[in-house]
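Here's a quick briefing to go with the structure below. It starts with the pockets, then moves on to the sheets, the helices and a couple of backbone details.

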Amino acid sequence: MNKRIIEGVNALHSQMKEWMSHLHQHPELALQENESAKYLAEKLRLWGYDVAEGIGKTGIVASMTVGTGKNVIGLRADFDALPIQEINDLPYKSKIEGKSHLCGHDGHSTMLLGAAKYLSETRNFNGTVRLIFQPAEETMEGGPAMIADGLFERFPVDAVYAIHNMPGLAFGKLHFRENEMMAAVDNWEIELTGKGSHGSMPELSIDPVVCGSSLVMALQTIVSRNVSPWQNSVITVGAFLAGNAGNVVPQTAVLRLSIRNMEPELRKMVLNKIRSITKAQAEAFNCQYEIREGIPGAVLVNTPENTRWAADVARKTLGDDQVVYPVHPYMGSEDFSFMLQKKPGTYCMLGSGEGFMVHHPQYVFNQDILPIGAAYWVALTEEYLK
């Protein structure tokens with residue numbers, strides 16, 4: 001274990017809690033993170049970083065060069081919130097109705113801030129560290145937006161790394177995997193249009209609720225009857241929006257889907273099945289339909305060499321028993337996948353112990369993992385920029 005790094009970062013724990021509490025109380029949704037970006041940028045400039053704002057609209061890149069070393073490492077954290085009402089009794093509960101940091105992005109940015117302050121004070125490296133604070137991860141827009149804005153041309157890096165907290169995994173343990181780590185996501189919306197009527201005269205209607213209900217069940221057959229048990233695919237209908245009164249047959253119904261796949265050809269088949277089943281169901285119930293295909297994600301593929309190296313650094317810093325490697329892939333998705341298409345690197349999970357899963361209204365980021373994540377960032381930087 002590296003006691004110097006661990007003790008140094010632990011000394012910043014109370015400050016990190018303050019930073020996270022501020023971010024948590026003032027959540028901002030994707031590409032609206034103006035005040036959060038301003039808050040982060042002010043601190044980074046105070047610590048001596050060269051800060052560029054407005055990358056991909058609200059993203060930040062903070063750079064610091066020490067010595068004459070030519071190596072450059074990139075560390076990425078996200079900082080957008082979710083459109084979910086928080087149901088927690090916390091002293092730092094979200095102050096914004098219907099918006100909250102229920103995925104822990106406030107914690108991710110805080111861990112990177114902790115590492116930033118430690119590195120600025122100790123400067124025990126020779127080269128350049130770039131801290132990438134990315135917006136709009138939840139909508140799959142932030143990574144592509146920063147890349148399109150010249151992220152890696154304007155701020156070159158040799159490799160880029162990211163981390164995510166994960167409830168349910170043993171507290172403080174870092175989980176690594178080579179190659180495919182997370183799935184590609186497609187967030188689709190299907191609108192069914194029928195003919196509204198009074199609830200007492202359904203024979204005069206074309207009921208989009210009945211059509212939608214049948215469609216929800218039919219979509220469940222795609223994975224169960226078309227995808228091998230040895231492959232990974234998920235179709236979730238997370239929202240079914242129709243009507244406001246029990247005595248009215250509504251005119252329209254909207255289904256919102258989250259579709260996850262780990263392989264390009266499998267993804268193509270699953271999406272085509274959704275299209276064909278939707279068409280068939282709509283025709284069977286005499287409804288019109290429209291499929292609105294959202295911004296596609298991509299499979300997150302970790303570079304094997306960088307993954308092995310990062311896991312080794314984590315072992316030397318935190319202890320052998322704090323690293324789990326290899327682990328199974330996750331069906332969650334991340335737009336860090338787009339950065340890994342451009343640069344080598346790796347994405348790992350940091351266990352936060354038992355608790356509600358991310359995106360649950362009662363999820364709480366375990367602030368005790370803040371120094372662990374920060375120590376990992378510091379160790380990667382010092383080891384790569386020897």
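The largest pocket has 38 residues in its lining, and Leu82, Glu138, Asn187, Arg260 and His359 are the ones nearest its centre. Keep in mind that this is a predicted model. That pocket has a volume of about 1,200 Å³, while the second largest pocket holds about 160 Å³.

**Largest pocket**

- Going by residue class, the lining splits into 20 nonpolar, 10 polar and eight charged residues.
- Arg260, one of the residues nearest the pocket centre, sits in E12 and stands opposite Val185.

**Second largest pocket**

- This one is lined by 13 residues, with Asn2, Arg4, Ala379, Glu382 and Glu383 closest to the centre.
- Helices H1 (3-10), H9 (304-318) and H11 (370-384) are the elements that give two or more residues to its lining.
- The breakdown here is five nonpolar, three polar and five charged residues.

**Four-stranded sheet**

- E10, E12, E8 and E13 line up in the order E10-E12-E8-E13 as an open sheet with antiparallel pairing.
- E10 and E13 (288-293) are the edge strands, so to speak, each pairing on one side only.
- On average, neighbouring strands here are turned by 20° against each other, ignoring direction.
- E8 and E12 are joined in the antiparallel sense over 10 bridges.
- Helix H7 (208-226) lies across E8, E10 and E12, and runs at about 170° to E10.
- Helix H8 (264-284) lies across E8, E10, E12 and E13, and runs at about 5° to E8.

**Where H9 meets H11**

- The axes of H9 and H11 come within 9 Å and cross at roughly 115°, and the crossing is right-handed.
- On the H9 side, the contact uses Trp309, Ala310, Val313, Ala314, Lys316, Thr317 and Leu318.
- On the H11 side, the partners are Ile372, Ala375, Tyr376, Ala379, Leu380, Glu383 and Tyr384.
- By class, the contact residues come to 11 nonpolar, one polar and two charged.
- Ala379 and Glu383 turn up in this contact and also among the residues closest to the centre of the second largest pocket.

**Backbone details to look at**

- The peptide bond from Tyr325 to Pro326 is cis, with omega near 0°; Pro326 is in the loop between E15 (323-324) and helix H10 (336-342).
- Leu31 has a positive phi, near 60°, despite being a residue other than glycine, and is found in the loop between helix H2 (13-25) and helix H3 (34-46).

Technical notes:
Residues are numbered from 1 along each chain as its sequence is written. This is a predicted model: local features need pLDDT of at least 70, side-chain atom pairs count only at pLDDT 80 or more; totals for chains, interfaces and linings use all residues. Side-chain values use heavy atoms; hydrogens and water are left out. On a 1 Å grid over the protein atoms alone, a cavity is a set of points where a 1.4 Å probe fits but cannot get out, and a pocket is an open set with protein on both sides within 12 Å along at least five of seven lines; lining residues have an atom within 4 Å of a point. Grid points are joined across faces, edges and corners, and a volume is the space filled by probe spheres set on the points. Ala, Val, Leu, Ile, Met, Phe, Trp, Tyr, Cys and Pro count as nonpolar, Asp, Glu, Lys and Arg as charged, and the others, Gly among them, as polar. Two strands pair if DSSP finds at least two bridges between them. Axes are lines fitted to C-alpha atoms, for helices over the stretch in contact, and angles run from 0 to 180 degrees between N-to-C directions. Contact means heavy atoms within 4.5 Å. A crossing is left-handed if the near helix is turned anticlockwise from the far one by less than a right angle, and right-handed if clockwise.
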